[in-house]
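Visitor: I'm new to this one and would like to be walked through it. Could you show me the structure before we start?

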Amino acid sequence: MPSYEDDTRKVQTAVTGRPGSDQPVFLPFGHDDFDGFMRGRSRDDFYCGILLGGCGKKLTAKRYLHKKCHFARRPPVHCRRTQTGEDSADHLHIGQALQRWLHRQGHQKVNVSYPDLGSGPGGAVEVRFDSGTRLVRVQMDRMSLNQWEAIRAQLADRNVRAQWACGPNSGIAHNEVKAEGRASASPVVPRAGRARSTSVPSTLTTGSN
């Protein structure tokens, strides 16, 4: 049986507002932090988000003294969500961070999407701006050279100017260096116990390519 520290089966991430929301929350492990987290919230505010690969049903935040606090599913349970840990919402944190960053750059019409690459949402983040003619794509899942070339060609055919950011497991950084002379890293999502502000790398830019 996993210990308190090692038990990764519990649901630690949810979304707020509605099942299809892209507003993620992380439930702290400890009961003291739980109280601060719940301040201003009700136990009916949380969903097993569709953009987390979840069923969309409500989750209940559970406070415990001798095991991790976590979100509990409400019966009957029919959910195929497989990733429930802290990093399961990384794509949503990254999408929100890029949207805020673009707003600060003066781009107000920003659209964030999370394409399903075959294993559910979270494999990539696409942020479109300038009436859809500009795109920042953060590649999270591993991508083959052929897939990368095909998507680049599709975007070029649509006259979309794209800048790619490479997740640590994407396998495309070398391709980007060969094509563009440089590769941008994906935004960094902090872990529990650190400030929850996702940082955008300085190599990303909204200027001309």
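Visitor: Where should I look, and is strand β8 buried or exposed?

Guide: This is a predicted model, and in it all six of the six residues of strand β8, residues 134–139, are buried, so the strand is largely enclosed by the rest of the structure. Both of its faces are covered, with R134, V136 and V138 buried on one side and L135, R137 and Q139 buried on the other.

Visitor: Which way do β7 and β8 run, and how many bridges join them?

Guide: Strand β7, residues 124–129, runs antiparallel to β8, and six bridges join the two. Within that pairing, A124 stands opposite Q139 of β8. The hairpin formed by β7 and β8 has four residues between the strands, and D130 there takes a positive phi near 55 degrees.

Visitor: What about β9, in which sense does it pair with β8?

Guide: Strand β9, residues 161–166, pairs with β8 in the parallel sense, over six bridges, and in this pairing V136 stands opposite Q163 of β9. To get from β8 to β9 the chain passes through helix α3, residues 145–157, and this β-α-β crossover is right-handed.

Visitor: You mentioned α3. At what angle do α3 and α4 pack?

Guide: Helix α3 and helix α4, which covers residues 173–180, pack at an angle of about 45 degrees, and their axes are 10 Å apart. That angle makes α3 oblique to α4, and the crossing of the two helices is right-handed.

Visitor: Which residues make the contact?

Guide: On the α3 side they are L145, W148 and R152, while α4 contributes N175, E176, A179 and E180.

Visitor: Changing topic, what order do the strands take in the open sheet of five?

Guide: The order in that open sheet is β2-β1-β3-β4-β5, and the pairing is antiparallel. Its edge strands are β2 (24–26) and β5 (70–73), each of which pairs on one side only.

Visitor: How many bridges join β1 to β3?

Guide: Two bridges join strand β1, residues 13–16, to strand β3, residues 46–47, and these strands run antiparallel. The bridge partner of T16 in β3 is F46.

Visitor: Which strands does helix α1 lie across?

Guide: Helix α1, residues 31–38, lies across β2, β3, β4 (58–62) and β5, and α1 runs at about 130 degrees to β4.

Visitor: Now zoom out for me: how many helices and strands are there in the chain?

Guide: The secondary structure of the chain comes to four helices and ten strands, and read along the sequence these follow the pattern β-β-α-β-β-β-α-β-β-β-α-β-α-β.

Visitor: And what share of the chain counts as buried?

Guide: Of the chain's 209 residues, 43% count as buried. Among the contacts with a separation of 6 or more, 54% are between residues 24 or more positions apart.

Definitions and conventions. Residues are numbered from 1 along each chain as its sequence is written. This is a predicted model: local features need pLDDT of at least 70, side-chain atom pairs count only at pLDDT 80 or more; totals for chains, interfaces and linings use all residues. Side-chain values use heavy atoms; hydrogens and water are left out. Buried means under 20% relative accessible area, exposed over 50%, partly exposed in between (1.4 Å probe, protein chains only). Two strands pair if DSSP finds at least two bridges between them. A crossover is right-handed if, with the strands pointing away from the viewer, the path from the first strand over the helix to the second runs clockwise. Axes are lines fitted to C-alpha atoms, for helices over the stretch in contact, and angles run from 0 to 180 degrees between N-to-C directions. Angles under 35 degrees count as roughly parallel, over 145 as roughly antiparallel, 65 to 115 as roughly perpendicular and the rest as oblique. A crossing is left-handed if the near helix is turned anticlockwise from the far one by less than a right angle, and right-handed if clockwise. Contact means heavy atoms within 4.5 Å.
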